[in-house]
Amino acid sequence: MESFSVANLAVVPQPAATFFDRPCSFLTGSHLKAPFRSITKSNSPISSSAIPKPIRAVFSEVVAAGSNLGCQQEMITREEGLIIYEDMILGRTFEDMCAQMYYRGKMFGFVHLYNGQEAVSTGFIKLLKQQDCVVSTYRDHVHALSKGVTARSVMAELFGKATGCCRGQGGSMHMFSKEFNMLGGFAFIGEGIPVATGAAFTSKYKREVLKEPCDDVTLAFFGDGTCNNGQFFECLNMAVLWKLPIVFVVENNLWAIGMSHLRSTSDPEIWKKGAAFGMPGVHVDGMDVLKVREVAKEAISRARRGDGPTLVECETYRFRGHSLADPDELRNPDEKAHYAARDPIVAFKKYLIEKNLAKESDLKSIEKKIDELIDDAVEFAEASPVPPRSQLLENVFADPKGFGIGPDGKYRCEDPGFTQGTAQV
Ligand SMILES: Cc1ncc(C[n+]2csc(CCOP(=O)(O)OP(=O)(O)O)c2C)c(N)n1
Ligand SMILES: [Mg+2]
């Protein structure tokens, strides 16, 4: 018999398995609706041309036990519909412009675009108040825009200019705004999850210990690949333990750079992992903004009223490569075509028109307004100054002597006032 080794695993073809071919002790009760999703191990366009079934949300045991979390088609007003449409167009147009500017050499380092995933950002973030917090990943421009950070300051940040939201020091992967409680932009995967958990803890501490009127909620966005990292599990545990006002939003775009989600995780149904910690877990069609919004509404209000965290898995897709440096040759064209046909913006536009919530001309004028806004953002970024040289050394806390470098460029420990009030160094 062949001995098991990682080397063998790499060359042995993977058996065609479904998501549900493993026994799953406590999630198989008859109360559960038969879960399904559009892409499974057995119907993935990677290996077959089977036409996927439509997606609907599925429920974990905890959700089924008593919450409204789930997914009826959301009813919206005309006004809400136009806000949602505008935000998705803003995200898409901004990212398309980023691609142009990147290839013209206006941006430096890695730039990861969000095209295709707009329904998640809009569906969640447009329900927030300004004080609520958002924690993102390196795919963060659109989360920042949905949260209210201006296109000018996000574009200027991408150009490395002093007028950027981080004064040009952060770049693409580090969008931050104190004003809008956009807490970043994190380059290391999973790094933002503990920060988000800490932000949610702050809200709870303010309310329950300091007795301040605080019902702020934190949304933590991250990808499918990130759910295999330790911080994910550690933070789910703490969030339930302390009943924190947080929503963990997994943007499952089925890929982690060039690694398929179906090959890299023991159980690809991420939503199920909430139940292991006693947290509701929901799977939702992340290409349908109204379904996302419906689930988001309940998850956010659960958090706001003090009922604790929720794990939401949004099944989505990125329409471009992992970053603008990625030629995107690994993903199967059938799979790309399948999701391109489910473009969340095209689908929502159709919905608005069919339901008589908007006319083609209303939507055209939104598109025109956003085009102008993005052109203005580029002009602003171009015309903005680069940061002064002195800024290079700000926020640098490492130096050979271990005490940091001050804004004047000198070691802090050389400042006579440095040790005042502290232990002798
Ligand atoms: C701690 C850490 N390990 C590895 C990497 C390299 N890396 C960058 S992106 C990425 C894949 C993440 O995939 P996913 O969480 O699905 O997010 P997506 O890019 O699909 O939005 C990896 C492994 C990293 N940035 N940080
Ligand atoms: Mg991914």
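Here is what to select and what you'll find there.

This is a predicted model, so to read it: local features need pLDDT of at least 70, side-chain atom pairs count only at pLDDT 80 or more, and totals for chains, interfaces and linings use all residues. Residues are numbered from 1 along each chain as its sequence is written, while chains are lettered from A and ligands numbered from 1 in the order in which they are written.

**Stop one: the ligand.** Select ligand 1 and the 16 residues around it (C-beta atom, placed from the backbone, within 6 Å). Phe 188, Gly 223, Gly 225, Thr 226 and Ala 256 come nearest. Now colour strands E3 (218-223) and E5 (255-256): each gives the shell at least two residues. Strands here are DSSP runs of at least two residues, numbered from the N terminus.

**Stop two: the core.** Pick Ala 220, Val 247, Val 249 and Val 312, which have the most contacts inside the largest nonpolar core, a set of 82 residues. Such a core joins buried Ala, Val, Leu, Ile, Met, Phe, Trp, Tyr and Cys residues through C-beta atoms within 7 Å. Zoom in on Val 312: leaving out residues up to four places away in sequence, Val 312 touches Val 282, Val 284, Val 295 and Ala 299, among others (contact: C-beta atoms, placed from the backbone, within 7 Å).

**Stop three: Asp 285.** Find Asp 285 in strand E7 (residues 281-285). Is Asp 285 buried or exposed? Buried, because 23 other C-beta atoms lie within 10 Å; the cut-off is 20 or more for buried, 12 or fewer for exposed, and partly exposed in between, with C-beta atoms placed from the backbone.

Technical notes: Helix = DSSP H or I, 4+ residues; strand = E, 2+ residues; numbered from the N terminus. Contact = placed C-beta atoms within 7 Å.
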